[in-house]
Amino acid sequence: MVVLVGILALVIGLVGGFFLARFTMKSYLAKNPPISEEMMKSMMMSMGQKPSQKKLNQMMAQMKAQNAKAQKK
């Protein structure tokens with residue numbers, strides 16, 4: 001009986017930990033996107049484009065909208 005309770009507690013802990021870590025990572029990535037304006041600017045410069053602030057703002061807004069749409073699903 002003790003072994004069964006131990007195994008049950010372990011399974012519940014693993015499942016709960018997984019969902020807690022998943023929720024934490026989603027909220028962290030929503031607050032701190034993995035690609036910043038500086039990274040995007042350097043990527044555009046490496047591709048031979050001269051990035052304007054307007055274009056950077058449009059791309060960041062597009063990425064945020066796409067991220068919000070993905071989170072709703």
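In this predicted model, helix α2 and helix α3 touch through two sets of side chains: E37, M40, K41 and M44 in α2 meet Q53, K55, L56, N57, M59, M60 and M63 in α3. Sorted by class, the contact of α2 with α3 holds six nonpolar, two polar and three charged residues. Among the residues taking part are M40 and M44 on the α2 side and M59, M60 and M63 on the α3 side.

Two packed helices are described by the angle between their axes and the distance between the axes. Helix α2 covers residues 37-46 and helix α3 covers residues 53-72. Their axes come within 10 Å and cross at roughly 120 degrees. An angle of 65 to 115 degrees would count as roughly perpendicular, and one over 145 as roughly antiparallel; α2 and α3 are therefore oblique to each other. The crossing of α2 and α3 is right-handed.

Q58 lies in helix α3. With a relative accessibility of 49%, Q58 counts as partly exposed, because the exposed class begins over 50%. K41 is one of the α2 residues in the contact with α3.

S46 belongs to helix α2. Its relative accessible area is 62%, so S46 is exposed. S46 and V2 are 44 residues apart in sequence, and their C-alpha atoms are 62 Å apart in space.

Helix α1 spans residues 2-31 and contains A9. A9 counts as partly exposed, at 48% relative accessibility. Between A9 and A21, 12 residues apart in sequence, the C-alpha to C-alpha distance is 18 Å.

Aromatic side chains come next. A pair of aromatic rings is described by the distance of the centres and the angle of the planes. With centres required to lie within 6.5 Å, the count comes to one aromatic pair. The pair is formed by F18 and F19, whose ring centres are 5.2 Å apart and whose planes stand at 75 degrees. Planes over 60 degrees apart count as edge-to-face, so the pair of F18 and F19 is edge-to-face.

F18 has a relative accessible area of 52% and is exposed, whereas F19, at 46%, is partly exposed.

Terms used: Residues numbered from 1 in each chain as written. Predicted model: local features only at pLDDT ≥ 70, side-chain atom pairs only at ≥ 80, totals over all residues. Heavy atoms only, no water. Axes fitted to C-alpha atoms, helices over the stretch in contact; angles between N-to-C directions. Helix = DSSP H or I, 4+ residues; strand = E, 2+ residues; numbered from the N terminus. Parallel < 35°, antiparallel > 145°, perpendicular 65-115°, else oblique. Left-handed = near helix turned anticlockwise from the far one by under 90°. Contact = heavy atoms within 4.5 Å. Nonpolar A, V, L, I, M, F, W, Y, C, P; charged D, E, K, R; others polar. Phe/Tyr/Trp six-rings, centres within 6.5 Å; stacked < 30°, edge-to-face > 60°. Buried < 20%, exposed > 50% of the residue type's maximum accessible area, 1.4 Å probe, protein only.
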